[in-house]
Amino acid sequence: MADSGASPKVAAKVTPFQGVHASVAHDSALRHVTGTAIYVDDLPEPAGMLHVHLGMSTRAHARIVSMDLSAVRASPGVVRVLTAADIPGENDVSPVIHDDRLFAQGEVICVGQSLFAVAATSIAAARAAAAKAVVEYEDLPAAITIADAAAADLKIEASQRMARGDVEAALAGATNRIQGRFAIGGQDHFYLEGQASLATPREEGDVHVWCSTQHPTEVQHLIARVLGRPDHAVTVEVRRMGGGFGGKETQASLFAAAAALVAVKTGRPAKCRPDRDEDMVMTGKRHDFEVGYDVGFDDEGRLQGIRLELASRCGATTDLSPAINDRAMFHADNAYYLPAVEIVSHRYRTHTVSNTAFRGFGGPQGMAAIERVMDAVAQGLGLDPLEVRRRNLYGAHGEGGGHNLTPYYQVVEDNVAPELIEELARSCDYEARQRAVDAFNTANPILKKGLALTPVKFGVSFTTTHLNQAGALIHIYADGSIMLNHGGTEMGQGLYIKVAQVAAEAFQVPLDRVKITSTTTDKVPNTSATAASSGADLNGMAVLDAAGKLKGRLVAFAAEKWGVDPSQVAFAPDGVRIGGEVVSFPDLCKQAYLARISLSATGFYATPKITYDRKTHRGRPFYYFAYGAACSEVVIDTLTGETKVLRADILHDVGRSLNPAIDLGQVEGGFIQGMGWLTTEELVYDAKGVLKTHAPSTYKIPTASDRPKVLNVKLWEPGRNAEPTVHRSKAVGEPPLMLAISVFSAITRAVASVGDHKVMPNLDAPATPEAVLTAVEDVRRRAHG
Amino acid sequence: MGGTIRFLLDGQPQEAAGVDPTTTLLEHLRGPLRRTGTKEGCAEGDCGSCTVLVGELTTGDDLDPVNWRAVNACIQFLPMLDGKAVMTVESLSTQTGAGCAGKPHPVQQAMIDKHGSQCGFCTPGIVMSLYGRAVGACGAGAPVEDVLAGNLCRCTGYGPILDAAREVVREAAPDVAAPLKAIQRQAMLSLAHEDPVRGVTRRWLAPRSLSELAAAAEANPEAAFVAGATDVGLWVTKLRKPPQTLIDIGRVPELKTIARVGDSLRIGAGVRYVEAIETLAGRYPSLGEMMRRLGSTQVRNSGTIGGNIANGSPIGDMPPALIALGATLVLRRGERTREIPLEDFFIAYGKQDRAPGEFVEAVIVPRGPAGQVFKVYKLSKRFDQDISAVCAAFAFTVVDGVVIEARVAFGGMAGTPRRADACEAALIGSPWTRESVEAAAARLDEDYAPLSDMRASAGYRARAARNLLVRAFLESAEPGVATSVLAEAAHG
């Protein structure tokens, strides 16, 4: 669709050269603001297109006694009804473990599970028909909560243990020791564009699918598996998504496979686009966690030993939960050295929708756990929480003494957290403001303030090592225009423009000479999901590889034709310098074409250095770490629990930014999204496993006025990746979300002030007004009661 | 069968014939008109991705004869657009060809320059809200955060959008007065359409006068009344239970006025929030602050105070406030009208004191006694555009340190918006002290047995309700004590 939504040619426009490190606007900015950017549901609907609606389970766990769809089939406008029996291949749309069904068979395992597909001439007809299904269930015992699953010992895999040192001894001999627990709620992605797929049948039962997905390759492979066809029979294409955030990594496959199956079975194009409520009920979310901690520490607040127990609600199937919960363990140290540590992670299977990837991928929950511990230690000792955090940081870069070893035995080699924290503490005037907050709290009986500064250290790489690969394809046409394609997808994060900048930089050509094309499985195969913040790191390097090959050919050609040494050929903004001559890039390309030089190349990249043994949870899962820190100030109302974030100061390390404007957008947007996760966004399931918050009327993501009035966001100027990543940049997609943990710590501190910091608040996330008021009243009782 | 809806798009007449009257403007734009810039994000008026501007002729002979409002196209029924003008995101730029962006409008350019779009899906709606603000279609002088309260963005964190908003300068909307006048109809719009899916004939009636409305209502006692469709719209898009007959009260001039009757305000049932907010905020600043947070710009631009009452919801925010103010409700059936205390309208959950064929004509808000303290508080998970867990309204008159009058009403605490009799009784005659106020607050437990739901637990509702009475006391008796986190954020 992008290819047709071409950027307009404005006569005689001269675009100045803008390569990497320039704050170029998003590639689709003009199309976004004018409404000409095309999303799947905006594509012209092909003649005869059918609308696909999925019939859903109304039970959390039940045997399907019978399913009578005769009334559905007879309903006006219905063309075809498909069930598991109609699947030619495997009834499987799962990413790893083969346990997600396209259509339920025999039993249902969560409310909202897909039972059957209705294809009709209108979506209204399809929905009305689906409502006529007569499904008889026999209820089975259902585990809805973590506690239910723990009681029944339902897990998606064995609990995992990551440990280093003698924790038992460290805790037994600790100077001080505290235990506690808290809960962290889940989060809906709330991408503004819901899931959507449009499938068009092709010859021989092949199918082409426009899909709003972060993982076109997986969607392709799963559709092929459902159809019982080779991967080459399926092409999946995605130009852009209206937001993804992890929610379109594995979750797109269900809808795409349903549309593809209808298309292949009927020979007609088919679109499957659930509405907002269906989408929220049917698709997975961020895992909610329950955390238990047992921590020993000296009188200065330095940790001596810690045992963390992380329990998560994985939902009905495995999905990506093993890796997500692994990442929670990987981030349960955050930026802190844990001398003796044991992290145990329970992955509970519940009869709720299968939870999935969401920006941070478990990391935020692990990090929230250790930051809670820091707050608890500070409270226990009556110390400033920032001071406790400082004392526990990994040693600065270059320091020895073993204080750089993570619980998974990776050495932290690029630690910039101490410098970055100090710079932020200075620039945000932390100490004076902490005093001002205390003064405010003394003077105000009803409103209470809190201030907190928390760091972020986030490991970059897929922890499933083989996923750290990427491919690219570049064509240079005879007129010198460049077609750029790679495996990364654009969901708003600015990947396409960043990678285009990398290509423009390589050839030293204006950006508008580089055509960014939709991500398509028939151009670059076997791609990984655009996830784990890796999009620019992986695809940028793959593009550099392809560009390097093409430049090599052009240099060799120019050197030979002009009779100069290859070292005398250089690409520059004003043209290609060949000896003393300057030849325009288009001219050189034209001549290379005439000389029968191939002007098309693929590129490939595999992240070096990384290795991981999941059995022992040891290795170097991450190529490098991204760092940041945030300081947030909040005010709470102790009569109602209402909370307002007054100010936040953020300093974030993106290495040498490929595009500072795009990166700032990621940092600020991630922070606000994280703030929503920890404050207003609350997922509520009833006792029968029905999600009660399934639309924006009941599920509250931040609005414009929730943004703190003062929000100072800065990229860390000295930032430079210690590893040779693409132009020494760092990943930016996920890490900033966790800057919002500072908001939660600040709220916790405000609540603690009600009891003069004598007791640690029992505040769970999200800190809704109800959670805050409950914690305030509890603190009052414990501190004064 | 049939009937043709006529409206303007970019000043050009459009006709829609043979459509189901519950077709939404959004469906019509994205389908037959191929205006896919307007997006569906939620189909319930909560995300703003479908924001468009609707212009209508004003009744007076103003200098500015067309009144523009930003609304959510997803819950505007197409017949509501009859005789009106529509602008979409595509209206703003000069397109150079099908699908080509062309030259952006300054609002759009500001969004580009400030990096205000990431995924771009909410962007057309945000552009329309910002443009709407520039042309006066988003309330008078509202801060940009309020203008955007109904536009959700999941990517940017809003900063760049707010930056772009600062670049936007006031301008005039295109003048469509003449073509609008040309498409006005004299007779009542009446539509009928066979719903092939449900096998029923759906009808739409848009009376042009109070007497026509009264006749239509009596003739169709089962009909659903539609004013702004901010509620009925969801019966179609969410509940998927479109009414068979709908009566549009938005064309009845008698229902669209705010009149001063003696010292009281008489607010017609068709008066939109946006049209009443200035008057009400002038009399009751606390109510103005609550209405600022009720719904969103788009919702307040469509929804009516009458609708908020008539739908009988236990969680509407206007009823508790109006009950505490001693409002009365005027109901009409045929030529007969009756006036009842507003609280008496709400009989039980889902049941109101309204006979078949009867409709709400107006609500009358008296001016309270001199020195009356009036406070209304809205508690919700999110400050903007969120349905209240608890809405509390208090009207007190204190003379010589003693409460001589108290009206306390809550929403969200029972199956209906209701007065707190026991609490009121405890207050009246008591000294205006924290002790007696806390004692009266404790009596709220006798008045209400709230439910737990996804918005809040019963326990929170009960505790917060008591504390809100304490807040009201503190704000009037101890003005030095800060009690509002919003005020702290604004001035702190």
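Chain B contains 19 helices and 20 strands. The radius of gyration of chain B is 23 Å, close to the 23 Å that the globule rule gives for 492 residues, so chain B is as compact as a globular protein of that length. The C-alpha trace of chain B spans about 75 × 55 × 45 Å along its principal axes. The model described here is predicted.

Within chain B, one helix pair was examined. Helix α9 (residues 273-283) and helix α10 (residues 285-293) of chain B have axes that come within 8 Å and cross at roughly 150 degrees. Because angles over 145 degrees count as roughly antiparallel, α9(B) is roughly antiparallel to α10(B). The crossing of α9(B) past α10(B) is left-handed. From α9(B), the residues that take part are B:Tyr273, B:Ile277, B:Leu280 and B:Ala281, and these meet B:Pro285, B:Leu287, B:Gly288 and B:Met291 of α10(B). By class, this contact has seven nonpolar residues, one polar residue and no charged residues.

The two chains touch through 75 residues of chain B and 79 residues of chain A. On the chain B side, at least two residues each are supplied by α2 (106-113), α3 (123-134), α5 (159-167), α18 (458-477) and α19 (485-491). Of the elements of chain B, α18(B) gives the most to this side, with seven residues. The residues on the side of chain B that touches chain A divide into 38 nonpolar, 22 polar and 15 charged.

In chain A, five strands form an open sheet with mixed pairing, in the order β7-β15-β14-β13-β8. The edges of this sheet are β7 (160-164) and β8 (176-184) of chain A, each of which pairs on one side only. From one strand to the next, the twist averages 10 degrees. Strand β7(A) and strand β15 (residues 341-349) of chain A run antiparallel and are joined by five bridges. Within this pair, A:Met162 has A:Ile343 of β15(A) as its bridge partner.

Helix α9 (residues 321-330) of chain A touches β7, β14 (303-315) and β15 of chain A, and the direction of α9(A) makes about 155 degrees with that of β15(A). Helix α10(A) touches β8, β13 (289-297) and β14 of chain A, and its direction makes about 40 degrees with that of β13(A). The loop between α9 and β15 of chain A holds A:Asn334. Phi of A:Asn334 is near 45 degrees, a positive value in a residue other than glycine.

Helix α10(A) also takes part in a helix-helix contact. The axes of α10 (residues 363-381) and α18 (residues 741-753) of chain A come within 10 Å and cross at roughly 30 degrees. Because angles under 35 degrees count as roughly parallel, α10(A) is roughly parallel to α18(A). The crossing of these two helices, α10(A) and α18(A), is right-handed. On α10(A) the contact is made by A:Met367, A:Ala368, A:Glu371, A:Asp375 and A:Gln379, and on α18(A) by A:Ile741, A:Phe744, A:Ser745, A:Thr748 and A:Ala752. By class, the contact of α10(A) with α18(A) has five nonpolar, three polar and two charged residues. The loop between α18 and α19 (769-784) of chain A contains A:Pro766. A cis peptide bond joins A:Ala765 to A:Pro766, with omega about 0 degrees.

Another open sheet of chain A is formed by three strands with antiparallel pairing, in the order β4-β2-β6. Its edge strands are β4 (107-108) and β6 (134-139) of chain A, and each pairs on one side only. Strand β2 (residues 62-68) of chain A runs antiparallel to β4(A), and two bridges join the pair. In this pair, A:Arg63 stands opposite A:Glu107 of β4(A).

Terms used
Residues are numbered from 1 along each chain as its sequence is written. Chains are lettered from A and ligands numbered from 1 in the order in which they are written. This is a predicted model: local features need pLDDT of at least 70, side-chain atom pairs count only at pLDDT 80 or more; totals for chains, interfaces and linings use all residues. Axes are lines fitted to C-alpha atoms, for helices over the stretch in contact, and angles run from 0 to 180 degrees between N-to-C directions. Helices (H or I, at least four residues) and strands (E, at least two) are DSSP runs, numbered from the N terminus. Angles under 35 degrees count as roughly parallel, over 145 as roughly antiparallel, 65 to 115 as roughly perpendicular and the rest as oblique. A crossing is left-handed if the near helix is turned anticlockwise from the far one by less than a right angle, and right-handed if clockwise. Two residues are in contact if their C-beta atoms, placed from the backbone, lie within 7 Å. Ala, Val, Leu, Ile, Met, Phe, Trp, Tyr, Cys and Pro count as nonpolar, Asp, Glu, Lys and Arg as charged, and the others, Gly among them, as polar. Two strands pair if DSSP finds at least two bridges between them. The radius of gyration is taken over C-alpha atoms; the globule rule is 2.2 Å times the number of residues to the power 0.38.
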